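Q: I would like to learn how to read helices, their ends and the charged pairs in a model of this kind. Could we work through them one at a time?

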Amino acid sequence: MTRLTAAQARRVAVAAQGFAAPRPKGAVTRAHLRRLIERIQVLQLDSVSVAVRAHYAPVFSRLGPYDRGLLDAAAWSHTPRSPRLLVEYWAHEAALMSVQDWPLLRWRMREYTHGRWGVQIVRNNPALVDAVVAAVAELGPSTAGQIEAHLQTVTRRGRGAWWNRSETKWVAEALFASGVFTTAHRVGFARHYDLTERVLPADVLARAVDDAEAVRELTLRAATALGVATAADIRDYFRLRAQQVKPALDQLVAAGELEPVEVDGWGPAYLRAGLAVPRAGRGTALLCPFDPLIFFRPRVARLFGFDYRIEIYTPAAKRRYGYYVWPFLLDGELVARVDLKADRAAGELLVVGAFAEPGRSSTRVAHALAAELRAMAGWLGLTDVRIGERGDLAAHLRNPAHAGR
């Protein structure tokens, strides 16, 4: 059996996620975006916008500054010349994925016939389910509030916690989870539901995929996106279950698609067949907390020796690094972490805190990080980078030699 060192596994994993390839020299195009989705499969969605919403960030991290309208058009619009490229579903968590992959998750849609949460509410309200479907059929793309107002079922509620949603909202979410609805578009991040048959191509909706075949394909795609991975890593990518993945892995190994390997410090793992082990670490990028390279935290610890958690829900006084912390990848290794906030009123990218990992050269890290921060600020339409006081890298980033001023 092939044996990989931890460093070799890390280089394979970083390259598989697209970080070893050079960024486009010209404008990022729809073709670049399509190839990236074919490689990493999913762009996780999240409502936090303190710097930039999560689904935009992995594209920037791999391709460099690009027009976010390109991704918006790929996800939320359709024209004969530019058909919809992406669709939203529970792929990892809520995520954008290729429209062509919709049939691979029909088994999950059947499991979510009454929704992912609030199942009893949906089961107890079949008439409301029919009414919500009829309302969207009549109205076209609509938010839950618009549907609710149309039906006059309950007084429209203001913003609140998940458990305060109206029954109409629960039903709309269940119809989304079951595949009856999908997201036609988002405005201000609010999901506008529509009938899936009016959003996705007829040939995609007509394509039948056996459940076992679908799981096997998802398993292969996860393993390909990861490069080298444990069974747990592979399961997490599309949130598959152990009893689904085990036979799929056995079949993929038998077919020569995956190769069993041993990774030092990991134990048994799987390598995508045909992948070469890069001789050197490559890839420099800021990574948002929901980037596919790092969204499974046990894998981050194994790959990089990097203990990472998001501290949004940690009381401010107890946060170690900050509210919304971006790990920094330099030459294929995680070497620092940066708490970022886009101060749009001031036109500044605010570095609330910056911290080097133990044993890293602060001078080298700060020089490379400053360049990425300037690129990110420009991409977000901000005119300056402002460095706060927290962290051992802050003073180095303020040094004009690194700041590029």
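This is a predicted model: local features need pLDDT of at least 70, side-chain atom pairs count only at pLDDT 80 or more; totals for chains, interfaces and linings use all residues.

Q: Which residues of helix α1 are buried?

A: The general idea is that an α-helix has 3.6 residues a turn, so residues three or four places apart point the same way. In α1, which covers residues 6–16, the buried positions are Ala9, Arg10, Val12, Ala13, Val14 and Ala16.

Q: How many residues does helix α16 have, and what span does it reach from its first C-alpha to its last?

A: Helix α16, residues 362–379, has 18 residues and reaches 25 Å between those two C-alpha atoms, close to the 26 Å expected at 1.5 Å a residue. Its buried residues include Val365, Leu369, Leu373, Met376 and Trp379, and the charged Glu372 is also among them.

Q: How many salt bridges are there, and where in the chain are Arg241 and Glu111, which form one of them?

A: Counting a Lys or Arg side-chain nitrogen within 4 Å of an Asp or Glu carboxyl oxygen, the total comes to 25 salt bridges. In the pair of Arg241 and Glu111, the closest N and O atoms are 2.9 Å apart; Arg241 lies in the loop between α13 and α14, whereas Glu111 belongs to helix α5, so that the pair links distant parts of the chain, 130 residues apart. Arg241 is partly exposed, at 35% relative accessible area, and Glu111 is likewise partly exposed, at 41%.

Q: Are Glu357 and Arg337 buried or exposed?

A: The salt bridge between Glu357 and Arg337 has an N to O distance of 2.9 Å, and it links the loop between β13 and α16 with strand β12, 20 residues apart. Because buried means under 20% relative accessible area, Glu357 counts as buried at 11%, and Arg337 counts as buried at 3%.

Q: Which strands hold Glu348 and Arg386?

A: Glu348 is in strand β13 and Arg386 in strand β14, 38 residues apart, with their closest N and O atoms 2.6 Å apart. Here Glu348 is buried, at 15%, while Arg386 is partly exposed, at 35%.

Q: Which residues do salt bridges that share partners join into one network?

A: Glu88, Lys169, Glu173, Arg186 and Arg191 are joined in this way.

Notes
Residues are numbered from 1 along each chain as its sequence is written. Side-chain values use heavy atoms; hydrogens and water are left out. Buried means under 20% relative accessible area, exposed over 50%, partly exposed in between (1.4 Å probe, protein chains only). Helices (H or I, at least four residues) and strands (E, at least two) are DSSP runs, numbered from the N terminus. The expected span of a helix is 1.5 Å times one less than its number of residues.
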